[in-house]
Amino acid sequence: MLHNFQELFISPITKNKLHYNGTHANEKWLNGFIRELDEAIEYKVVNGIPCFVDSKDDPWSDYDKLEEQLGMSPDGMIEKNWLGMVQNDSFVKKAQRLISISAEQEGLILEIGCGPSGGLTPLVLNKNSNSKILLNDYGFWILSETQNFIEKTNKWKNISYAQFDASKMPLCDTSFDLIQSLGGFSNMKNSHQVLDECYRILKPKGKLCFIDAVANKNQLESLPEDILQRAFSDMPFLEFGFKKLLNLHQFKNIQIEIIEKRQLQKDESSLAAEASKYNVEIDIELSSIIAEK
Ligand SMILES: C[S@@+](CC[C@H](N)C(=O)[O-])C[C@H]1O[C@@H](n2cnc3c(N)ncnc32)[C@H](O)[C@@H]1O
């Protein structure tokens, strides 16, 4: 954990400040615990990564299951995905405006739900190798593998990692200058809480920059009522759209640019797979979204 981020951790339950107790390497955290002063609650730090998710709740914790789910060996996947992101010229072009805003940010950046492709981080680092980014995911394996790849690459010195649920961030109020994500919101339950948490930890005028997809509401409305209600409750942006949802969570100066329109494939979304059983096709609009606290 880089020095810049070390003072920012709080208990997601009591909201009290957490203090590190453990080994260091070059002033970075290595192995130990972060805990409150009275030591009532403590969280492990493994190889510099604070862990706020119990391994039994971590969907990425079972290597064999992972291999089965992915249909391939997860070995080398992170490196391949990161390089693939940077080489995807057409996507890079579409995301250019958003990436530039992040790359020009000299303060602290948080990437939520970075996933196996690193979200927007590979593209931001490609423009500014000094960006100070805290990478977050629910899965420890993702973060640990990403850390191995980044250390091997030895090009980016200001990256840290934290395993937590983005709807209960163990981070101080008004501590980050920018939060970014690629496809994070559509993969997270509790988007209402995630947006509240984003608002809380951003500094005044801090920016939320993300790319995500919204499905065509008319097509969704031809689904059976129970499926529709479940989709709306899991993914409120499907019901409200991102502009209304961000407004509801107090964000201002919301700019939305549609960067791609296409059909959602069965193999990339459980909603699309379910919809196909009712012969409903779902078109999505991939949008680049910038909002301000
Ligand atoms: C499938 S990925 C989406 C794309 C990802 N940004 C990428 O570039 O690879 C979604 C990621 O969000 C993570 N995730 C899901 N719910 C989360 C939560 N509540 N907090 C943090 N991460 C979460 C998952 O573990 C997964 O790695």
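The model is predicted: local features need pLDDT of at least 70, side-chain atom pairs count only at pLDDT 80 or more, and totals for chains, interfaces and linings use all residues. Residues are numbered from 1 along each chain as its sequence is written.

**Overall form**

The protein chain holds twelve helices and eleven strands; helices (H or I, at least four residues) and strands (E, at least two) are DSSP runs, numbered from the N terminus. Along the principal axes, the C-alpha atoms of the protein chain fill a box of roughly 55 × 40 × 40 Å. A compact globule of 293 residues would have a radius of gyration near 19 Å, and the value of 19 Å for the protein chain agrees with this. The radius is taken over C-alpha atoms, and the globule rule is 2.2 Å times the number of residues to the power 0.38.

Of the 293 residues in the protein chain, 37% are buried. A residue is buried if 20 or more other C-beta atoms lie within 10 Å of its own, exposed if 12 or fewer, and partly exposed in between, with C-beta atoms placed from the backbone. Among contacts in the protein chain with a separation of 6 or more, 68% join residues 24 or more positions apart; two residues are in contact if their C-beta atoms, placed from the backbone, lie within 7 Å.

**Strand S7 and its partner**

Strand S7 spans residues 159–163, and five of its five residues are buried, so S7 is largely enclosed by the rest of the structure. Ile159, Tyr161 and Gln163 point one way from S7, while Ser160 and Ala162 point the other way. Strand S6 (residues 132–137) runs parallel to S7 and is joined to it by five bridges; two strands pair if DSSP finds at least two bridges between them. The chain passes from S6 through helix H7 (residues 140–153) to S7 in a right-handed β-α-β crossover.

**Individual residues**

| Residue | C-beta neighbours within 10 Å | Class |
|---|---|---|
| Gln180 | 27 | buried |
| Asn190 | 15 | partly exposed |
| Asn279 | 7 | exposed |

Gln180 belongs to strand S8 (residues 176–182). Leaving aside residues up to four places away in sequence, Gln180 touches Ser102, Ile109, Glu111, Gly119, Leu120, Cys209 and Phe210.

Ile13 lies in the loop between helix H1 (3–6) and strand S1 (19–25). Ile13 and Met169 are 156 residues apart in sequence, and their C-alpha atoms are 9.6 Å apart in space.

Most residues other than glycine have a negative phi. Asn190, in the loop between S8 and helix H8 (191–201), has a positive phi near 60°. Asn279, in the loop between helix H12 (270–276) and strand S11 (283–292), has a positive phi of about 55°.

**Ligand surroundings**

The ligand is surrounded by 21 residues, and the closest are Gly113, Gly115, Ser117, Ala166 and Asn187. A residue is near a molecule if its C-beta atom, placed from the backbone, lies within 6 Å of it. The shell around the ligand comprises eight nonpolar, eleven polar and two charged residues. Ala, Val, Leu, Ile, Met, Phe, Trp, Tyr, Cys and Pro count as nonpolar, Asp, Glu, Lys and Arg as charged, and the others, Gly among them, as polar.

Methods:
Right-handed = clockwise from strand over helix to strand, strands pointing away.
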